[in-house]
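Please walk me through this protein model, from the chain as a whole down to single residues.

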Amino acid sequence: MTSRPKRAGAAADGRRGSICGLFLFLFSVVLASGLSMPAPPANALSELKREEVPPPAEQAVPDEQDEPSAVPMPDPLQSAPGAEGTQPDEAEPDEGEPGEAEPGETPGQGTVGRPAVDPDAPLPEILYDTEALPEPVKRMRQLIIEAAKTGDIEALKPLLGSGDSGTQLSLGGVEGDPVAFLRELSGDKDGQEILAILEEVLNAGYVHVDVGTPNELYVWPYFFAIPLDKLDPRQRVELFKIVTAGDYEDMKTYGAYIFYRVGITPDGHWSFFVAGD
């Protein structure tokens, strides 16, 4: 009875040994097969490396210090055919062609701002007799004085004209209502100071300039055409009826009278009433 269990145990041991042997055999086969398995494709590794490589240099944001210098673009003006420096139509403007007169300029008398007075030439005749004036000039002068005496600056409006034939009231030109412009020049809001200056100027002596030319004019006061350093004491007294001693000292810097003056053409057109240089 005792020997059966031993055989059963021996049989069990034999089966366990067979199983272990089979397991070892299979393991050795698997191991041998693993050693001879083909390697994975090479492109798999290279693809992995490509994902880890930083972006190409042209796609990366460059550092400010490593930024390449910009390639200068050609100047279209310089590269245009025949271009050399400044283009002809961009050349500096000429100072003026010889013989061309500036606006407001009279060839014999410079401009209404400053007449071209030759200090070595004989002085123009200073005139006081208003009865000797041509009738159209005498009439316009009288109309201006009468308008000034009214104290109403609007009374000048019919005499000033308009457009290109209007009276020049500024060396730089005037836009808008000429009477409003004169009112703004006046020291008072009603323009009565300007009216007083206008009357005083027309009561002074006058000169007849550019006689026999298209620019012929009768101009008040005569200081317009007389160098200040040529005035005698009596004439300086007449000057101080219109300007102050301080104004006179300032004008000596320019060498010419630059306060208000009036010009009337021989046909009676009120040409200008301006001040300045």
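A residue counts as buried when its relative accessible area is under 20%, and as exposed when that area is over 50%. By this rule, 28% of the 277 residues of the protein chain are buried. The model is a predicted one.

The secondary structure of the protein chain consists of 9 helices and 6 strands. Among contacts in the protein chain with a separation of 6 or more, 58% are between residues 24 or more positions apart.

Strands of a sheet pair through backbone hydrogen bonds, and the pairing can be parallel or antiparallel. In this model, 4 strands make an open sheet with antiparallel pairing, in the order 3-4-5-6. Strand 3 (207-209) and strand 6 (270-274) are at the edges; each has a single partner strand, so one side of each has no neighbour in the sheet. From one strand to the next, the twist averages 20°.

Consider next how two of these strands meet. Strand 5, made of residues 261-264, pairs with strand 6 in the antiparallel sense over 4 bridges. Val262 is opposite Phe273 in strand 6, and Ile264 is opposite Trp270 in strand 6. The two strands form a hairpin with 5 residues between them. In the turn, Gly268 has a positive phi of about 90°. Although strand 6 stands at an edge of the sheet, 5 of its 5 residues are buried, and the strand is mostly covered.

The nonpolar residues come next. The largest nonpolar core has 49 residues, and Leu156, Trp220, Trp270 and Phe273 have the most contacts inside it. What does Trp220 touch, not counting residues up to four places away in sequence? The list includes Leu133, Val137 and Arg141, as well as Val201, Leu202 and Tyr206. Trp220 also touches Arg261, Val262 and Ile264. The peptide bond from Trp220 to Pro221 is cis, with omega near -15°. Pro221 is in the loop between strand 4 and helix 8.

A pair of aromatic rings is described by two values, the distance of the centres and the angle of the planes. The structure holds 10 aromatic pairs. In one of them, the ring centres of Tyr206 and Tyr218 are 6.4 Å apart and the planes are at 55°, so this pair is tilted. The pair links distant parts of the chain, 12 residues apart: Tyr206 is in the loop between helix 7 and strand 3, and Tyr218 is in strand 4. Both Tyr206 and Tyr218 are buried.

Tyr222 and Phe223 form another tilted aromatic pair, with 4.3 Å from centre to centre and 40° between the planes. Tyr222 is buried, with a relative accessible area of 1%. Phe223 is buried as well, with a relative accessible area of 0%. Ring pairs join Tyr222 and Phe223 with Tyr128 and Tyr257 in a cluster.

Leaving aside neighbours within four places in sequence, Glu238 contacts Tyr128, Tyr222 and Phe223. Glu238 is in helix 8, which spans residues 233-239. Is Glu238 buried or exposed? Its relative accessible area is 18%, so Glu238 counts as buried.

Asp210 has a positive phi of about 50°, although it is not a glycine. With a relative accessible area of 14%, Asp210 is buried.

Key:
Residues numbered from 1 in each chain as written. Predicted model: local features only at pLDDT ≥ 70, side-chain atom pairs only at ≥ 80, totals over all residues. Heavy atoms only, no water. Core = buried A, V, L, I, M, F, W, Y, C linked by side-chain atoms within 4.5 Å. Buried < 20%, exposed > 50% of the residue type's maximum accessible area, 1.4 Å probe, protein only. Contact = heavy atoms within 4.5 Å. Pairing = 2+ DSSP bridges. Axes fitted to C-alpha atoms, helices over the stretch in contact; angles between N-to-C directions. Phe/Tyr/Trp six-rings, centres within 6.5 Å; stacked < 30°, edge-to-face > 60°.
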